[in-house]
Each structure stands twice: as C-alpha cells, then as structure tokens.
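Here is a friendly note to read alongside the model. Please keep the viewer open and find each part as you go.

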Amino acid sequence: MTEELDTFRDQFRKFLAKDLAPHGGKWRDQKMVDRSAWRGLGEMGALLPSIPEQYGGLGATFAYDAAVLEDVESVVPELTTGVSVHSPIVAHYILAYGSEEQKKRWLPKMATGEMIGAIAMTEPGTGSDLQSVKTTARKQGNSYVINGQKTFITNGQLADLVIVVARTGGPGGKGLSLIAVETAGAEGYRRGRNLDKIGLHASDTSELFFDNVTVPPENLLGDEEGQGFVQLMQQLPQERLSLAIGAVASMERAVKITAEYAKERKAFGKSLLEFQNTAFKLAERKTEAMIARVFVDWCVERLVAGDLDTVTASMAKWWCSQKQVETADECLQLHGGYGYMEEYPIARMFVDSRIQKIYGGTNEIMKLLISRSL
Ligand SMILES: Cc1cc2nc3c(=O)[nH]c(=O)nc-3n(C[C@H](O)[C@H](O)[C@H](O)COP(=O)(O)OP(=O)(O)OC[C@H]3O[C@@H](n4cnc5c(N)ncnc54)[C@H](O)[C@@H]3O)c2cc1C
C-alpha cells in the first residue's frame, strides 16, 4: 500500500458504491453488465492499472489490480469475474507477447472499456487437459484460418477481442498458439447463447464458434507459432492470484455482513451473536480470512517483485477459494432461512463462490501442480 494507492481506492470505492452498485440487480436479470459500466471503470483508470501509460494504462504495479479486484468484489461483485479476465489476464497477454503495433491498437481501447477482452481456452471436450485443444488455426496464404468451438467463455457475449488458444502445429502443448480475434465483423465468428448458470448471474458466459474465421498473421501473439502453452503457463501465477484476491475479499465481506445480521436478529430473547456457536463460528472464519489475506498480500508483493512461482500461486488459488466456499456456506447457515433468500447478499455469495474452485484451473489441478514440487 502507498498513499497514492490509498487515495485511488478511496475514490474508486465511492464511485463503485454510488454509480455502479445500484445496477447490480438489473445486470443479474439481463445476465450481463452494461457496457456503460465498463466505460465508467475505464474513466476511473481501474481497467488496466498495471499497463504502461503509453498504452493507456496507469503505469502502476499489480498492487493496483489487486486493489481494484478487492474493491469490486466487496462493493459490486457482479463485476469481479469479467474484470478479472479483462485486466489481469487478457491485457497482460497482449502486453507480454503482443507486438508494438498490437499493443497500441488494443490496449488503449481496453483501458477505456471501449474494447472488452475474453480468453478462450476451454472447449466442450477439453477443460483441464489444455494440451488437447482441438480448435485449429491453419496458415493459408497470408492469413490464419480458425475453426473450432469454445465454451464457458467469460465476457463471451460482450467481447470485442478474444484471445483464442488454437492448434497451429501437431499434437500436445507444443502445437498450440495464442491468436487474437477482433470480433466486430469477423466473418464465421458466432456467439452461442449466454449460458444459464447457478450463480454469477451478471457475468456473461458463452459458447463461441469459429467457422473459417480469417485473421491476419500478425494476430499471432509472440514471435513464432507453438509458444501458446508456454505463454499460458507464464501468465498463470497472475491469473491464479487474481482469483485468490477475490476470494479473500469475499470471505471478509461474508464475515462482516453475517456479524451485522447476527447482531440485529433476535432469537430466544437475545441477538444471534450472543449465542456462543454463532460468535465462535464467525471468530474462526474471521481468523481464516486474516490468514488468507496475509498470504495473498505476500503473494502480491512477490508478484510485484517478479518472483511469484506457479506452485505458490496455485496454493493461493485452491486454499483461498476452498475457504471462500466454506465461509459462504457457514455464513449462510448463520442467517437461517433468510440466508436462502435471494435478496440477502449471502445467498448470492454462496452460489457465486462455488465456481471459484473450478475455473482458472480446478482445485484438483492446483494440487496436482503443487504435488509435483514435493
Ligand atoms: C462460469 C465459468 C466461467 C469460465 N470462464 C472461462 C473463460 O473465460 N475462459 C476459458 O477458457 N474457460 C473458462 N471456464 C472454463 C473452466 O476453466 C473449466 O470449466 C475448468 O478448467 C475445468 O474444465 P472442465 O469443465 O472441462 O472440467 P474437466 O477438465 O472435465 O474436469 C472434471 C473434473 O475432473 C477433475 N480432473 C480433471 N483432470 C484431472 C486430473 N488430472 N487429476 C485430478 N482430477 C482431474 C477436475 O478437477 C474436475 O473435478 C469457465 C467456466 C465457468 C463455469
């Protein structure tokens, strides 16, 4: 934390609470966030804070991304998933592997929210086993021709720029490349329906179809084909840490709103918080949230210093998301029947948190990666 970051957060939180939070219900009903919200985030400098100023960012460190994710999750959780994909993931792929021309072309528009980013790895037949991706991008003349299908893509309905994991070579990870597709007017590109999910109702999640979609060769990210898998692996610590940051903010919020509820609600002539079980459960969860925060803050420091490794980031992702889900479940229980009613935030937190153990690499895959270091 710095004084500058403190000031940024102060203004940002006020903006979120006043200008965006009131629209959360509408976004959940329409199953996506309004584009105007993206523009608003862009105006606040919250979309690409850690991208250099010459490309429209703030030129700050990942600590700003962390602060944005935390504040969004605490104040307008409807935005968390979309922003987590757009900012710390898609923008950073372009920054790390894009050519100068690509960076100048896409990043400034992503910073203002004019362009929304998505990353398309998962396919109907391939999730955890990314090396089996079937979507192809074949060189034909002076173009790549992309064919295949993706599913579960966050920001899929809104995305103007999709980074597609596609096979440019033979089988296995070495045959994969990352190719950017600008969706506006892309012939053969089709969005499937906005998928119905049990939670994260304001986040659009879609199937995407590529039927002979032609893109120029310079849309390949990186200098040569076959770098896709390595590029994905290099960016994973930041992606996984981003999910852990959201998890910590969610845990803290769950404890806070449950403590408030338990103070107000009466049973057997006293407030729920006066029951030792309620108070002890919240004490335990508050402790875990603090442990998670200290670990995640340390991981943010490591990432800013450039030495957060995949194993540690995987630990942060699985443990914090596991604790997030347990916390939401227990806090819902402490609300009684009201916790099961949609108008109570804890009910949404319960269903929204569940995906955290699955996306961004399942928690089983996280443990697989960690176990390889034993
Ligand atoms: C709301 C939502 C948003 C998403 N957003 C995106 C996105 O923006 N972009 C994108 O590309 N994808 C996205 N995904 C996809 C997500 O990343 C995948 O669902 C996830 O990686 C798991 O893949 P899968 O669903 O195919 O499950 P599978 O890989 O079929 O796994 C099924 C089960 O088997 C277990 N398993 C698999 N392999 C192993 C193993 N080797 N050892 C032990 N257990 C194993 C898994 O842990 C899991 O429990 C999203 C998914 C959802 C639901």
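Predicted model: local features only at pLDDT ≥ 70, side-chain atom pairs only at ≥ 80, totals over all residues.

1. Residues are numbered from 1 along each chain as its sequence is written.

2. Begin with the domains. The protein is divided into domain 1 (3-115), domain 2 (119-226) and domain 3 (229-371), with bounds that come from an automatic or database domain assignment. Taken over C-alpha atoms, the centres of domain 1 and domain 2 are 23 Å apart. Their contact takes 21 residues from domain 1 and 18 residues from domain 2; two residues are in contact if their C-beta atoms, placed from the backbone, lie within 7 Å.

3. Which elements give two or more residues to the side of domain 1 that touches domain 2? They are α2 (24-30), α5 and α6, and α5 gives the most, with eight residues. Helices (H or I, at least four residues) and strands (E, at least two) are DSSP runs, numbered from the N terminus. By class, this side of domain 1 has 10 nonpolar, six polar and five charged residues. Here Ala, Val, Leu, Ile, Met, Phe, Trp, Tyr, Cys and Pro count as nonpolar, Asp, Glu, Lys and Arg as charged, and the others, Gly among them, as polar.

4. Now look for the ligand. Domain 2 and domain 3 both give residues to the shell around the ligand, so the ligand lies between them. There are 21 residues around the ligand, and Met121, Gly127, Ser128, Thr362 and Glu364 come nearest; a residue is near a molecule if its C-beta atom, placed from the backbone, lies within 6 Å of it. The shell divides into 12 nonpolar, seven polar and two charged residues. β1 (117-120), β3 (143-154) and α11 (363-371) each supply at least two of its residues.

5. A kink of about 25° lies at Trp106, shortly before the proline Pro108. That bend is the angle between axes fitted to the seven residues ending there and the seven starting there. After α6 comes Gly113, with a positive phi near 90°.

6. Which residues of α6 are buried? They are Lys103, Trp106, Leu107, Met110 and Ala111, and they pack against α3 (35-43), α5 (80-97), β1 and β4 (161-167). A residue is buried if 20 or more other C-beta atoms lie within 10 Å of its own, exposed if 12 or fewer, and partly exposed in between, with C-beta atoms placed from the backbone.

7. Compare helix α9 (residues 310-335). It has 26 residues and reaches 37 Å from its first C-alpha to its last, close to the 38 Å expected. Because 19 of the 26 residues are buried, α9 is largely enclosed by the rest of the structure.

8. Finally, check two loop residues. Asn155 has a positive phi of about 70° although it is not a glycine, and its place is in the loop between β3 and β4. Leu200, also not a glycine, has a positive phi of about 45° and is found in the loop between β6 (189-194) and β7 (205-215). Asn155 is buried, with 27 other C-beta atoms within 10 Å, and Leu200 counts as buried with 24.

Conventions. Expected span 1.5 Å × (residues − 1).
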